[in-house]
Amino acid sequence: MPDSMLGAASISRTLRSAVQSLPSNRLSLFCAAGLGITAAASLIWWWQRRYKVELRQVATVSQLLIYPIKSCKAVSVQEAECTILGLINGKLGDRQWLVVTEEGQMVTGRQEPRIVLISVNPRGESLCLEAPEMEKLLIPITPPKSNKVRNCRVFGSDIQGRDCGEEVSHWLTSYFQSSEPYHLVHFEPDVMQPRKCADMEKPFKDTDIIAYPDASPVMLLSEASLVDLNSRLSKPVTLGNFRPCIVVSECKAFEEDGWDDVRVGTIRLRRVMACGRCILTTVDPDTGVMSRKEPLDTLRTFRKSEANLSHLYKTAPLFGQYYGVEQTGKLRVGDPVYHVIKH
């Protein structure tokens with residue numbers, strides 16, 4: 001029997017002994033008090049049981065990936081700060097830049113598959129953009145405040161972005177060989193209103209917010225899950241097909257499906273839902289060619305949602321997990337990943 005339960009039983013025995021020695025005219029009053037004490041003891045025991053938790057190490061952080069421009073290449077970092085909006089390293093925030101049309105509509109790998117070939121790397125106070133058959137381009141990480149603020153649309157949701165200038169607009173328009181101009185915008189957390197995750201996916205809390213990601217500030221995926229998928233494919237795919245922020249190792253395939261409460265470094269994450277996969281996963285990150293088939297077709301054969309969750313995922317197969325940020329802080333490659341288990 002747990003110590004807390006033994007304590008409650010001891011209180012009850014003491015109470016019965018005291019009752020037997022009381023004058024009858026005080027019995028009813030003391031019984032009422034005794035009932036209160038017993039209830040309090042039971043409540044203490046329940047509270048201790050309810051909030052007893054175990055931190056069980058389930059994995060290790062193997063990679064931290066930041067995608068500065070939505071749909072472009074990742075920047076691998078050794079450490080990051082996890083803010084309410086997601087990962088950031090220095091001034092390099094995850095998906096805080098976005099390519100848009102003249103009308104402000106987002107441009108991703110779904111519309112322009114070759115966007116996945118653009119690499120973005122910090123160079124002091126600048127971002128360096130590189131792409132096949134294009135000259136390197138340096139742009140300020142922080143666009144001048146005199147630049148235009150554009151109204152943008154990301155999956156039908158309104159959000160703003162500071163225009164990054166005509167030079168990068170010409171560069172992008174030329175790269176995509178577009179007849180209409182493309183623009184690069186930057187989200188400014190201190191002055192611009194973020195999007196609510198719940199507007200994209202209902203299971204999120206109202207406090208979960210993002211800039212330009214699809215739906216969640218953090219997506220976690222295990223290396224083992226990728227290995228399992230590749231064992232079913234004739235041509236292996238990479239993490240670049242799935243674009244996770246936190247990659248973990250030293251666990252079994254798809255174990256991340258059950259990590260509802262995660263602590264890593266000084267951060268705490270709350271699992272909200274699985275990541276339902278779309279046509280973007282079929283864009284080859286090495287060639288920029290969209291097949292519209294694999295790995296999506298294979299994922300559909302073994303990673304469909306349960307029937308009672310079809311209202312969330314429709315027919316999308318599930319790969320990786322979306323998390324909300326419960327506690328901001330820092331994490332590093334090599335940090336243990338703990339699953340918080342309540343007993």
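This is a short walk through one chain, going from the overall make-up to a few local features. Keep in mind that what we're looking at is a predicted model.

Okay, the big picture. We've got seven helices and 22 strands in the chain. There are 343 residues, and 49% of them count as buried. On contacts: if you take those with a separation of 6 or more, 69% are between residues 24 or more positions apart. And the surface? The chain exposes about 17100 Å², with carbon and sulfur atoms supplying 52% of that.

Staying on the surface, have a look at the acidic side chains. E102, E103, E166 and E180 come together there as a patch of negative charge. Of those, E166 belongs to helix α3, which covers residues 166–175. E166 is partly exposed, because its relative accessible area is 47%.

Is R95 buried or exposed? R95 is buried, since its relative accessible area is 10% and the cut-off is under 20%.

Q177 sits in the loop between α3 and β13 (182–186). Q177 is exposed, at 73% relative accessible area.

Last one: where's the cis peptide bond? It joins E294 and P295, with omega about 5°. P295 itself is in the loop that runs between β19 (267–276) and α6 (296–302).

That's my tour, thanks.

Notes:
Residues numbered from 1 in each chain as written. Predicted model: local features only at pLDDT ≥ 70, side-chain atom pairs only at ≥ 80, totals over all residues. Heavy atoms only, no water. Patch = residues over 30% accessible without salt bridge, like charges linked within 9 Å, V, L, I, M, F, W, Y side chains within 5 Å. Areas by Shrake-Rupley, 256 points an atom, 1.4 Å probe, with all protein chains shown as cover. Salt bridge = Lys/Arg side-chain N within 4 Å of Asp/Glu carboxyl O. Lys, Arg positive; Asp, Glu negative; His and termini not counted. Charge placed at Lys NZ, Arg CZ, Asp CG, Glu CD. Helix = DSSP H or I, 4+ residues; strand = E, 2+ residues; numbered from the N terminus. Buried < 20%, exposed > 50% of the residue type's maximum accessible area, 1.4 Å probe, protein only. Contact = heavy atoms within 4.5 Å.
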